[in-house]
Amino acid sequence: MTQTRPPVTLMTVRKRPGKITTVLFDLDGTIIDTNELIIQSFMHALSGHVPEGFGREQIIPSMGEPLAMQIKQFTGKDDIATLVGAYREYNLLKHDEMVSLFPGVKETIERLHRAGIRLGIVTTKMRETTIRALKLLEIYSYMDAIVTLDDVENAKPHPEPVAKAVAALGAEASETLMVGDSSVDIVSALRAGAVPVGVAWSLKGEELLRDSGASYIVKEMNELLALCGIGNEGA
């Protein structure tokens, strides 16, 4: 008989990790809902360069990886500068009208900040668009470190981005949560020695995050408070 594995959540893995002083967040798909913007940007840029029937099902699995890598994968081309440019042009044009925070993000970030938790962003986005989104959605001021694709030689799933953010914050990796919606977030955290946390609203599904090694899956953003031992949730 096949044994069904229970979902990995805050309650089923363990009560909470040890001392947590730092929380790092991926951006797209984790705290900022850019899912439809990303998909539409790809569809715009790749029109005429991918097979008929290409769509969301092909795009979603690789979301979170560097843009150039994704476009090479989708088209099989090495010369992709024009396509990357088309993606970024459309993405910037539609950005402000198509991005929003996921539920509970701002309130949780504010609570973590008040509790003295160090906060940072680790993303495969470029710095310009990262800063734009954080300022637009009024959470930029809470971030003590921001590591983007422009700041590293090796993108996630390499440990460099997470390790660089940990070092910038003067933190210990073992006391750091890395929260993400993609396998690259989870693997980068594990390789850097941080505690990987997946979000249940990931378009890629919880199973992928569990299989990638997530120590926790949060169903709602405020569950991070319990992981950090803050308030009644951490009692």
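Colleague: How many aromatic pairs does a search of the whole structure find?

Modeller: Bear in mind that this is a predicted model. Searching the whole structure for aromatic pairs gives a total of four.

Colleague: Take Phe42 and Tyr87: is that pair stacked, edge-to-face or tilted?

Modeller: Their ring centres are 4.8 Å apart, with 55° between the planes. Stacked needs under 30 degrees and edge-to-face over 60, so with planes at 55° the pair of Phe42 and Tyr87 is tilted.

Colleague: How many residues apart in sequence are the parts that this pair ties together?

Modeller: Phe42 belongs to helix α2 (residues 35-46), while Tyr87 belongs to helix α5 (residues 81-98). Both residues are buried. The parts tied together by the pair are separated in sequence by 45 residues.

Colleague: And Phe102, is that one buried or exposed?

Modeller: Phe102 forms a tilted aromatic pair with Trp201, 6.0 Å centre to centre and 40° between the planes. Phe102 sits in the loop between β3 (100-101) and α6 (105-114). Buried means under 20% relative accessible area, and Phe102 has 11%, so Phe102 is buried.

Technical notes. Residues numbered from 1 in each chain as written. Predicted model: local features only at pLDDT ≥ 70, side-chain atom pairs only at ≥ 80, totals over all residues. Heavy atoms only, no water. Phe/Tyr/Trp six-rings, centres within 6.5 Å; stacked < 30°, edge-to-face > 60°. Helix = DSSP H or I, 4+ residues; strand = E, 2+ residues; numbered from the N terminus. Buried < 20%, exposed > 50% of the residue type's maximum accessible area, 1.4 Å probe, protein only.
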